[in-house]
Amino acid sequence: MSLNHELVLKASKALLSYAEKKSSSEQNTSLFADDEEIVHLVISLKKISGKERHKPYRIPLRVPLYRETSSVCLITKGTEKTSVEALKELKVPQIKEVITVLQLKTEYKSYEARRQLVAMHDLFLTDDRVVNSLPEILGVKFFKAKKTPAPVNLLASDLEKEIKRALSCTYYRQGKGTCNAAKIGTTAMAAPELADNIQGAMDVIAKCVPKGWDNIQAVGIKTGKSLTLPIYNSLPNPPTIITTASAKTEAAPPKEESAKKTKKAETAAATAAAAKPKQDKKQKKGSLPRPSTAAEKAQPKKRATAAAV
């Protein structure tokens, strides 16, 4: 199963047209209006996922989301200057800063320092060996800005190729709720490019969702300033028609179950009957003789007087 490409393309055109009108109106009233916005793919599930996954799924995009002008920060595990300098010398123009986990704990310990760090970069990449320990170090600000670091293998033989591959993907994080989102493009893209990204990414995300398409309720696209534009909605299950024959079949218990119930009842009755004589014997052994009443004592005297007369 996959999305209807014509419907996705139509929705992409409508969303980009709305974003363009919104941007032009803001530029007339504000000097600090953004040139482009991030487009999010919103996936709503039918059932809540039981486990939260800190490590996101890597979703390849047909049109890269991060261009050479984008700003990327790389978080490393080691504290050696040689490794940090080697990462800085990589021929990846998007990487503007390389910091260590120790720097996060010391130089970016304050809330204001972390807030500035989040605002400086478009994407954060991190060593996959420390990705599970970062949520406690980074704090809430990274999660609210939806800039949780994505893992990369810094021990790869071709490190430059590994990082470029990570920059050509988006990341889908499966939370505990029923609604999740992933960055899918920008408003600077053409409608066919955005539609291709949505189509290709959704095919991969459906495999990451528990039970696949059967568990997906709705799919939509939106920007940070727009409502969600639906592109897919799951239809409810067809109603079940109950006939007289099916009602009788459902009401009547199976033969095996009725036989089991009868056997259990007979066994219980036999057990109760066998236990009753034992209880009577116990009562006879443990019971004391009943004391005679005054009327019973007077009966022998009456019989003796009648015999004398």
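Buried here means under 20% relative accessible area, exposed over 50%, and partly exposed in between, with a 1.4 Å probe and protein chains only. The structure is a predicted model, in which local features need pLDDT of at least 70 and side-chain atom pairs count only at pLDDT 80 or more, while totals for chains, interfaces and linings use all residues. Residues are numbered from 1 along each chain as its sequence is written, and side-chain values use heavy atoms, with hydrogens and water left out.

View 1. Let us start with a threonine: Thr-76 counts as buried, because its relative accessibility is 4%. Thr-76 belongs to strand S3, residues 72–76; strands (E, at least two residues) and helices (H or I, at least four) are DSSP runs, numbered from the N terminus. From C-alpha to C-alpha, Thr-76 and Asp-127 are 5.4 Å apart in space, although 51 residues separate them in sequence. Asp-127 is buried too, with a relative accessible area of 0%. Its side chain meets that of Arg-129 in a salt bridge, 2.5 Å from N to O; the term means a side-chain nitrogen of Lys or Arg within 4 Å of a carboxyl oxygen of Asp or Glu. Arg-129 is partly exposed, at 46% relative accessibility.

**View 2. Two salt bridges that involve helix H7.** By the same rule, the count comes to four salt bridges. One of them joins the side chains of Glu-162 and Arg-58, at 3.6 Å from N to O. This pair links distant parts of the chain, 104 residues apart: Glu-162 sits in helix H7 (residues 159–167) and Arg-58 in strand S2 (residues 57–60). Glu-162 is buried, with a relative accessible area of 15%, whereas Arg-58 is partly exposed at 23%. Lys-164 forms another salt bridge, with Glu-160, and their closest N and O atoms are 3.1 Å apart. Because they are four residues apart in helix H7, Lys-164 and Glu-160 are separated by about one helical turn. Both ends are partly exposed, Lys-164 at 42% relative accessibility and Glu-160 at 25%.

**View 3. An open sheet of four strands.** The strand order is S8-S1-S9-S10, with antiparallel pairing; two strands pair if DSSP finds at least two bridges between them. S8 and strand S10 (229–233) stand at the edges with a single partner strand each, so one side of each is left without a neighbour in the sheet. Neighbouring strands are turned by 20° against each other on average, direction ignored. Strand S1 (residues 38–45) and S8 run antiparallel and are joined by seven bridges. His-40 stands opposite Lys-183 in S8. Helix H8 lies across S1, S8, S9 and S10, and runs at about 35° to S1; axes are lines fitted to C-alpha atoms, for helices over the stretch in contact, and angles run from 0 to 180 degrees between N-to-C directions.

**View 4. Thr-186 in strand S8.** Thr-186 is placed in S8, which covers residues 179–186. With a relative accessible area of 2%, Thr-186 is buried. Leaving aside neighbours within four places in sequence, its contacts are Leu-16, Glu-36, Glu-37, Ile-38, Val-39, Leu-65 and Arg-67, where contact means heavy atoms within 4.5 Å.

**View 5. The largest nonpolar core and helix H8.** A nonpolar core is a set of buried Ala, Val, Leu, Ile, Met, Phe, Trp, Tyr and Cys residues joined through side-chain atoms within 4.5 Å. The largest has 49 residues, of which Leu-41, Leu-74, Leu-125, Ile-198, Met-202, Ile-216 and Ile-231 touch the most other members. Helix H8 (residues 191–208) gives the most to this core, with nine residues. Not counting residues up to four places away in sequence, Met-202 touches Leu-3, Leu-41, Ile-43, Trp-213, Ile-216 and Val-219. Another core lies apart from it and has 15 residues, among them Leu-104, Tyr-108, Ala-113 and Phe-142.

**View 6. Lys-211 in a loop.** Lys-211 lies in the loop between H8 and strand S9 (216–222). Its phi is near 70°, a positive value in a residue other than glycine. Most residues other than glycine have a negative phi. Lys-211 counts as exposed, at 64% relative accessibility.
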